[in-house]
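Thanks for coming. I have one structure to go through today, so please look at the screen.

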Amino acid sequence: MKRVAVVVLEGAKPLDVGIPAQVFTTRASMPYSVDVCGVQPGLIAGGDGLSYHVEHGIEALETADLVFVPGYRHPDRDAPPPALIDALRAAHERGARLAAISTGAFALAATGLLDGRRATTHWHYSRILAERFPEVRVDERVLFVDEGSVLTSAGAASGIDLCLHILRKEAGMAVANHAARRLVAAPYRSGGQAQYVPHSVPETHGERFTETRAWALRRLGEPLDIPRLAAHARVSERTLSRRFRDETGYTPMQWIMRARIDRARELLEETELPVEEIAAAVGLGTATNLRRHFRAVLGTTPSDYRRTFFRDS
């Protein structure tokens, strides 16, 4: 019987807490027991209007084989408690596996245990995680990342995928499939599957090139290069390249590519246009070119994306 600890922090997200607690809860078919804990036992204010009364304190991590850190509100503002950081490091050193759901990745990153490793989090916070912890190789596209002793996942639903992945590794396919049937969940979604963020074009941190970006978005089907963008912005190509990256986190051409992929996604969702016509409409030329860039950004194909998100499906 393996012991699982689910750590509830201030502002904890209800689904993030509930998923590992329910997946691993003690029953005849599951070789696990679960302790839901806080840094201290007692009442903890959660997110979305819910609170938690936890029986166990941080000492639950001392005997846990698997520790989950669910997501919590304002990870960009609130540092995790030092007692939690120390307990996570001690559990990891003892050989426990640590898993974060959604913004729980910020608490794992604060331990230093993600330095030099791949990790993911909810797409809304991926850039913030990367900026705050530059030693972490943040992959904003995927559902979850398994780095052996530390694992991270994206938004709440991907926590189910992460839990089932851990079950497959630790308890075998039969136990994982049984848990998936009980949850009425897909038994297997690859960690490399895309998060399907609303837009892959990032939010900006500046306004200097706002008009140029808006101008480019209206002309995605036309040839767009750095000289043309710089001419519209009335700056040198060197200034455009440097300042554009400061504002968006991407080079001008990386940003244009993501904008084209976003427009292709809209056309795949809302029209029945053939992939070849969509490729031409967004400035990618051929269906082969669209497929290549679509997979590079989203980890899937245009056809698979349309099957999942077409409005009339």
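I'll start with the second largest pocket, whose volume is about 300 Å³. Keep in mind that this is a predicted model. The lining of this pocket is made up of 17 residues, and the closest to the centre are S126, R127, A130, E140 and Y250. Which helix gives the largest share of that lining? That is α4, with four residues. Both α4, residues 126–132, and α9, residues 237–248, supply at least two residues each. Sorted by class, the lining has eight charged, five nonpolar and four polar residues.

Next, helix α5. This helix runs over residues 156–171, which is 16 residues, so at 1.5 Å a residue the span should be 22 Å; the end C-alpha atoms are 23 Å apart, which agrees. Its buried residues include D161, H165 and R168, along with L162, L164 and L167. After α5 comes G172, with a positive phi near 100°.

Now the aromatics. There are seven aromatic pairs in the structure. One of them is F106 with F133, edge-to-face, at 6.4 Å centre to centre and 70° between the planes. F106 sits in helix α3 and F133 in the loop between α4 and β8, so to speak distant parts of the chain, 27 residues apart. Both F106 and F133 are buried.

F294 and Y305 also pair edge-to-face, with 5.6 Å between centres and 75° between planes. F294 is in α12 and Y305 in α13, so this pair ties together parts eleven residues apart in sequence. F294 and Y305 are both buried.

Two last items. F24, Y32 and F68 make up one aromatic cluster. R213 lies over the face of F244, 6.0 Å from the ring centre.

Notes. Residues numbered from 1 in each chain as written. Predicted model: local features only at pLDDT ≥ 70, side-chain atom pairs only at ≥ 80, totals over all residues. Heavy atoms only, no water. 1 Å grid on protein atoms, 1.4 Å probe; cavity = no way out; pocket = protein on both sides within 12 Å on 5 of 7 lines; lining within 4 Å. Points joined across faces, edges and corners; volume = space filled by probe spheres on them. Nonpolar A, V, L, I, M, F, W, Y, C, P; charged D, E, K, R; others polar. Expected span 1.5 Å × (residues − 1). Buried < 20%, exposed > 50% of the residue type's maximum accessible area, 1.4 Å probe, protein only. Phe/Tyr/Trp six-rings, centres within 6.5 Å; stacked < 30°, edge-to-face > 60°. Lys NZ or Arg CZ within 6 Å of the ring centre and 35° of its normal.
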